[in-house]
Amino acid sequence: MKKILTIGEVLVEIIATDRGNGFRSAVPLVGPFPSGAPAIFIDQVGKLGHPCAIISAVGDDDFGWVNTERLKTDGVDISGINVIAGGTTGSAFVRYREDGSRAFVFNIRHSACGTIELTDAAKQLVAEASHLHVMGTSLYAPSVIETVLSSMHAIKARGGTVSFDPNLRPEILNSPGMREALQSVIAETDLFLPSGDELYLFASARTEEAAVQELLAKGVKAIVLKQGAAGATYYDAKGSLTRPSMKVEEVDPTGAGDCFGATFVTLWLEGETPQTALRYANAAGALAVTKTGPMEGASSRTEIDTFLAA
Ligand code: ATP
Ligand code: MG
């Protein structure tokens with residue numbers, strides 16, 4: 001089976017339990033939950049029982065432990081997570097506003113994963129991987145950009161594939177070098193997984209159909225457009241396929257895109273049809289929103305099958 005690799009931030013997430021605008025006064029909190037978009041993605045791949053690994057860095061603190069224990073338990077190869085003595089694991093505080101949008105306070109660039117370099121163990125993972133998943137959020141610091149781009153070039157040069165979820169947060173869009181790095185990644189992307197308006201990040205067209213054609217002409221082989229509670233649409237050179245989302249009670253939408261993406265990528269690499277991959281990914285995304293905590297809603301194949309059968 002094709003081993004799936006991702007590279008990027010490992011964080012804990014701490015969530016305000018009431019809604020409101022940001023963190024300018026004391027609010028009740030719950031956490032730490034294991035988090036970081038690439039970590040959530042790879043945890044979902046691990047729960048599906050597919051070989052996978054992550055390259056990252058954490059501190060030798062409880063926040064790092066919360067993540068490494070969860071990822072290991074769920075089947076992720078964590079040999080590429082550098083545990084930095086005296087380092088501090090990254091964190092994200094999130095509070096939902098009344099309108100459902102999210103306010104974040106991030107500590108990423110100055111945390112342990114502010115620097116991600118290729119250790120010997122990480123180089124070994126790059127050598128073994130046949131697929132790399134890139135999260136746009138992970139292009140937040142120069143060393144991380146260099147590690148992602150050099151690994152991507154190595155994996156592509158061997159005939160491997162790349163999937164890419166821009167996953168952009170306005171809070172980090174202006175990180176130094178991020179915009180250029182995003183362009184390098186889209187140029188080598190096989191499977192593109194934007195959410196909503198992220199479809200237009202790398203296209204001059206302003207309609208969905210024209211943007212899709214422009215991306216396919218650039219060499220992207222397939223696109224899956226995530227539309228939250230409205231479901232998702234798959235596009236390739238042969239046409240398109242839309243599936244509505246599955247009815248669930250939304251408790252916490254964070255991580256839905258990552259669980260959806262991980263499930264789609266895994267089934268796509270396993271040779272399933274786009275129909276089947278989309279069906280399972282929609283189920284994984286729906287299950288993800290039913291739990292508080294970004295990684296808490298990742299599900300096993302059996303859980304997805306049971307949910308689909310119900
Ligand atoms: P993230 O916040 O994790 O970055 P995203 O914006 O990348 O999310 P979304 O479009 O929000 O991704 O969600 C991904 C998929 O999860 C959707 O296409 C859908 O299949 C499923 N999903 C999301 N929200 C819901 C919901 N409220 N009910 C059912 N399914 C949902
Ligand atoms: Mg997303």
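Modeller: The shell around ligand 1 is made up of eight nonpolar, 10 polar and five charged residues. In this division Ala, Val, Leu, Ile, Met, Phe, Trp, Tyr, Cys and Pro count as nonpolar, Asp, Glu, Lys and Arg as charged, and the others, Gly among them, as polar. The model is predicted, so local features need pLDDT of at least 70 and side-chain atom pairs count only at pLDDT 80 or more, while totals for chains, interfaces and linings use all residues. Side-chain values use heavy atoms, with hydrogens and water left out; residues are numbered from 1 along each chain as its sequence is written, and chains are lettered from A and ligands numbered from 1 in the order in which they are written.

There are 23 residues around ligand 1, and Ser195, Gly228, Gly231, Glu250 and Asn282 come nearest. A residue is near a molecule if one of its heavy atoms lies within 4 Å of it. Two helices, α7 (256-269) and α8 (274-288), each supply at least two residues of this shell, and α7 gives the largest share, four residues. Helices (H or I, at least four residues) and strands (E, at least two) are DSSP runs, numbered from the N terminus.

A backbone N or O atom of Gly228 is 2.7 Å from an oxygen atom of the ligand. For Lys226, a polar side-chain atom lies 2.9 Å from a ligand oxygen atom, and for Gly255 a polar backbone atom is 3.2 Å from one. Taken alone, ligand 1 exposes 630 Å², of which the protein buries 91%; such accessible areas come from the Shrake-Rupley method with a 1.4 Å probe.

Ligand 1 sits in the largest pocket. A pocket is found on a 1 Å grid over the protein atoms alone, as an open set of points with protein on both sides within 12 Å along at least five of seven lines. A molecule sits in a pocket if more than half of its atoms lie within 2 Å of its grid points.

Attention may now turn to single residues. Asn167 lies in the loop between β9 (161-165) and α5, and its phi is near 45°, a positive value in a residue other than glycine. Asn167 counts as buried because its relative accessibility is 9%, where buried means under 20% relative accessible area, exposed over 50%, and partly exposed in between (1.4 Å probe, protein chains only). Leu168 is found in the loop between β9 and α5 and is buried because its relative accessibility is 14%. Its C-alpha atom is 9.5 Å from that of Ser138, 30 residues apart along the chain.

Asp236, in strand β12 (residues 232-236), has a relative accessible area of 16% and is therefore buried. Ala187 belongs to helix α5 (residues 178-187) and is exposed because its relative accessible area is 59%. Glu98, in the loop between β6 (90-96) and β7 (102-107), is exposed because its value is 66%. Although Glu98 and Arg19 are 79 residues apart along the chain, their C-alpha atoms are separated by 5.8 Å. Finally, a cis peptide bond with omega of about 10° joins Gly31 and Pro32, and Pro32 lies in strand β3 (residues 29-35).

How values were computed:
Polar contact = N/O pair within 3.5 Å; in protein donor to acceptor, adjacent residues only side chain to side chain. 1 Å grid on protein atoms, 1.4 Å probe; cavity = no way out; pocket = protein on both sides within 12 Å on 5 of 7 lines; lining within 4 Å.
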